[in-house]
Amino acid sequence: MREQPRAPDREQTFRDLYEAAYPDLRRFVQRRVHPDHVDDTLAEVFLVVWRRLDEVPAARDDARAWVFGVARRVLLNTYRGDRRRLALGVRLADATPVGHEPAPDDVVHRIDLATAWRRLTPAHQETLALAVLDGLDAPRAAAVLGISPVAFRLRLSRARRALRLHLDHLPERGTVPARAAERTPSR
């Protein structure tokens, strides 16, 4: 008598998915919520994942995108429930590596980028963040947003164009004076 193959252990499936998605998902959530709410949000996301584990796609990359989609919906529910927190903008400063001292021109460019970023619509921010910061390709990012890959590519193109437009129309800044911090007032 042949033994039937055993279905994958539910708990092991969850653990594998958790280990595969957690680091990227944490960064995804950190860019969107106050640092005090990251752990709670992640706990809620993985609770939903556990409850809907039977719906998780079999392919690893598709499962990862599915979890990002769950996270996005959890976040949207949070935003709807808490209208006071409309901080949907991504915190670009959080992307700075710890211990890295930026050059003055890098700081100016970063400030310009942050200014242009804040002028984007939340939809453009979300589209760019999924493609650039989260590294999702068009089909997976589209799955996160619940739209077709073609619609996502169109949104991405429009978001990039809007970001360039905002960057091109920022007020001119003077150059950063060399050694400005080292100057002492003359007497």
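This is a short tour of the structure above, one selection at a time.

**Before you start.** The model is predicted, so local features need pLDDT of at least 70 and side-chain atom pairs count only at pLDDT 80 or more, while totals for chains, interfaces and linings use all residues. Residues are numbered from 1 along each chain as its sequence is written, and side-chain values use heavy atoms, with hydrogens and water left out.

**The whole protein.** Start with everything shown as a cartoon. You will find 7 helices and 0 strands (DSSP runs, H or I of at least four residues for helices and E of at least two for strands, numbered from the N terminus). Of the 187 residues, 33% count as buried (under 20% relative accessible area with a 1.4 Å probe, protein chains only; over 50% is exposed, and in between is partly exposed).

**The core.** Next, select Leu25, Phe28, Val45, Val49, Val67 and Phe152. In the largest nonpolar core, which has 41 residues, these touch the most other members. Such a core is a set of buried Ala, Val, Leu, Ile, Met, Phe, Trp, Tyr and Cys residues joined through side-chain atoms within 4.5 Å. Two or more residues come from each of H1 (10–30), H2 (38–51), H3 (60–81), H4 (104–119), H5, H6 and H7 (149–168). H3 gives the most, with 9 residues.

**Where H5 meets H6.** Now colour residues 122–133, which form H5, and residues 138–145, which form H6. Their axes come within 10 Å and cross at roughly 140° (lines fitted to C-alpha atoms over the stretch in contact, with angles from 0 to 180 degrees between N-to-C directions). That angle makes H5 oblique to H6; under 35 degrees would be roughly parallel, over 145 roughly antiparallel and 65 to 115 roughly perpendicular, with the rest oblique. Show side chains for Glu126, Thr127 and Leu130 in H5, which meet Ala141, Val144 and Leu145 in H6; a contact means heavy atoms within 4.5 Å.

**Thr127.** Stay in H5 and centre on Thr127. Is Thr127 buried or exposed? At 1% relative accessibility, it counts as buried. Leaving out residues up to four places away in sequence, Thr127 touches Leu145, Phe152, Arg155, Leu156 and Ala159.

**Arg72.** Finish in H3, with Arg72. At 19% relative accessibility, Arg72 counts as buried. Beyond its neighbours within four places in sequence, Arg72 is in contact with Phe28, Glu126, Val144 and Leu145.
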